[in-house]
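Colleague: Could you walk me through one part of this model up close, with the cut-offs spelled out as you go?

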Amino acid sequence: MKNLAAVVIGTLCLLVGAAGAVGAPVVADAGVRVLATGDDYQREMDAVKAAGVPWVSLPSGWAGLQPTADTVPGPDGAGGAAWRRLDARLRYAHSIGLKTFVQFTGAPTWATDGRVANNKGNVPPRPDALPAYAAFFEAVARGLGPGIDAYSPWNEVNQPDFWDPEDPVLFARLQQAVYPAIKRGDPTGIVVSGTVYSKDGSFTFLRDAYAAGMRGSFDVLGWMLFPSVEPESPPIPGRGFPQRNLSSILDLQSLLDQVDPGRRIWVVEYSYSTCTPSPGRALCVSDAQQADYLTRAFTYMRRYLNVERLYWFALRDKEVRDTIEANYGLTRFDFTPKPAYAALRALAVETGGPGSPAGGGTRAPLPPALPASAARPPQKAVFQSNGKRVALGKPRLRLVRGVFTLRLTVSVRGGRTRVAVQGFRGGAWRPVVRVTLNRSSRVRVRFRDRGFTGVRIRASRPGSTRWAASRVMRVPRVAARR
């Protein structure tokens with residue numbers, strides 16, 4: 001496996017130069033989390049670049065960079081080793097043309113209430129330590145700002161693993177403290193809010209933070225979710241809200257329209273784990289499902305959501321263990337690509353082309369288009385022979401908030417006919433619904449969009465199972481946002 005990994009990464013590195021060329025394909029609305037320790041971060045960043053992804057997100061922590069109250073954040077002193085490690089990662093990312101988003105978390109013990117933190121740094125700073133956190137960020141922004149394109153001051157602010165106990169008022173005060181400090185040190189840096197985890201009660205948490213004065217203390221709202229359902233799934237009745245699905249972001253947008261109009265959104269972590277599926281492990285998917293869900297998640301986002309960027313968590317599996325946490329990567333721990341890696345690369349578009357961001361801008365590309373080969377109907381719209389006839393009228397297709405409504409008239413003479421509706425995704429036509437008609441009818445079918453780029457209707461020859469008539473429609477690449 002070691003030799004195989006070397007060959008794979010050698011191939012990925014060869015692609016880096018091509019990905020960085022002018023007009024090279026870019027997944028403009030994507031980012032990837034890089035978690036590697038040691039020198040592996042270079043191999044991970046090379047793989048991100050080879051996939052055509054322009055952004056990486058990196059973890060860092062206040063405690064490591066300023067372990068004592070009298071430590072001056074910088075390359076020397078008590079936090080110097082952590083500073084130099086972060087600086088090296090930032091420099092390498094920029095050297096190969098990647099933009100960087102650094103998520104900070106974990107207060108040092110001298111800035112907390114004295115409780116012992118878990119390994120994720122779940123004890124927030126004391127209110128009277130917020131000026132010290134602001135001073136820390138100003139020092140980081142001045143010293144490392146040339147290498148940092150976006151900052152976030154805390155991870156999962158409404159999750160006990162990272163902030164215990166939950167406190168939207170203290171969160172708002174933290175944002176108010178660090179935002180001007182970052183801007184003083186790095187005026188062009190993007191400030192992403194402390195990231196909010198999508199779960200029951202998250203909207204109440206946000207409203208309370210806004211009521212405490214959070215508005216105006218960040219540039220982008222950071223939202224996070226690890227779904228246990230298909231990307232396009234609606235909320236499950238009887239469960240709390242919001243849930244861990246992309247459709248909840250539609251309601252997040254409505255909330256922000258009320259309390260903070262025009263606010264940008266990043267999904268800072270999103271993924272499906274390729275742990276072994278089994279009863280009771282709803283979060284596990286197969287390799288093929290992970291790739292399919294990745295493509296469908298970006299398609300859904302591009303069609304319906306005002307989300308500027310989605311970060312996949314992560315580039316590489318965390319370790320070789322059959323657990324949920326260990327298997328979110330686009331590649332295995334030995335860097336062998338999973339099908340999801342190729343699926344992400346396939347989302348890239350030529351820079352400067354139609355629907356793509358020219359000159360490295362932030363405008364998202366359009367969803368995938370129906371290939372020309374699939375757009376050709378396999379049969380004509382009308383079949384007539386020996387007194388038997390089936391004709392498919394011109395279909396009308398409406399797409400609202402992830403649901404298609406298809407209407408058409410089917411003329412039938414000479415026996416029963418089967419009518420099948422199919423959706424095109426992942427290089428194949430997939431069944432949606434099938435009905436049997438005994439006479440001419442007006443057909444109305446509603447079905448959920450599962451990342452389809454085209455819809456096909458086929459009708460059988462009356463009294464036969466043989467397909468005789470068909471029509472194909474391209475799915476609109478830009479739909480209503482609400």
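**Around helix H4**

Modeller: Let's start with a pair: helix H2 (residues 40–50) and H4 have axes that come within 10 Å and cross at roughly 30 degrees. Before going on: this is a predicted model, where local features need pLDDT of at least 70, side-chain atom pairs count only at pLDDT 80 or more, and totals for chains, interfaces and linings use all residues. Residues are numbered from 1 along each chain as its sequence is written, and side-chain values use heavy atoms, leaving out hydrogens and water.

Helices (H or I, at least four residues) and strands (E, at least two) are DSSP runs, numbered from the N terminus. Axes are lines fitted to C-alpha atoms, for helices over the stretch in contact, and angles run from 0 to 180 degrees between N-to-C directions. H2 and H4 therefore count as roughly parallel to each other (under 35 degrees; over 145 is roughly antiparallel, 65 to 115 roughly perpendicular, the rest oblique).

From H2, Tyr 41, Gln 42, Met 45 and Asp 46 make the contact, and from H4, Ala 88, Arg 89, Tyr 92 and Ala 93 (contact means heavy atoms within 4.5 Å). By type, the residues of the H2 and H4 contact are five nonpolar, one polar and two charged (Ala, Val, Leu, Ile, Met, Phe, Trp, Tyr, Cys and Pro are nonpolar, Asp, Glu, Lys and Arg charged, and the others, Gly among them, polar).

H4 (residues 80–95) also packs with helix H5 (residues 130–144), at an angle of about 45 degrees and with the axes 12 Å apart. That makes H4 oblique to H5. Here too the crossing is right-handed. Trp 83, Leu 86, Asp 87 and Leu 90 in H4 meet Ala 139, Val 140, Gly 143 and Leu 144 in H5. Those residues split into six nonpolar, one polar and one charged.

As for the strands, nine of them form an open sheet with parallel pairing, in the order E6-E5-E4-E3-E2-E10-E9-E8-E7 (a pair needs at least two DSSP bridges). Strand E6 (190–191) and strand E7 (196–197) are the edge strands, each pairing on one side only. Within the sheet, strand E4 (residues 99–105) and strand E5 (residues 150–152) pair in the parallel sense over three bridges, with Gln 103 opposite Ser 152 in E5.

Technical notes: A crossing is left-handed if the near helix is turned anticlockwise from the far one by less than a right angle, and right-handed if clockwise.
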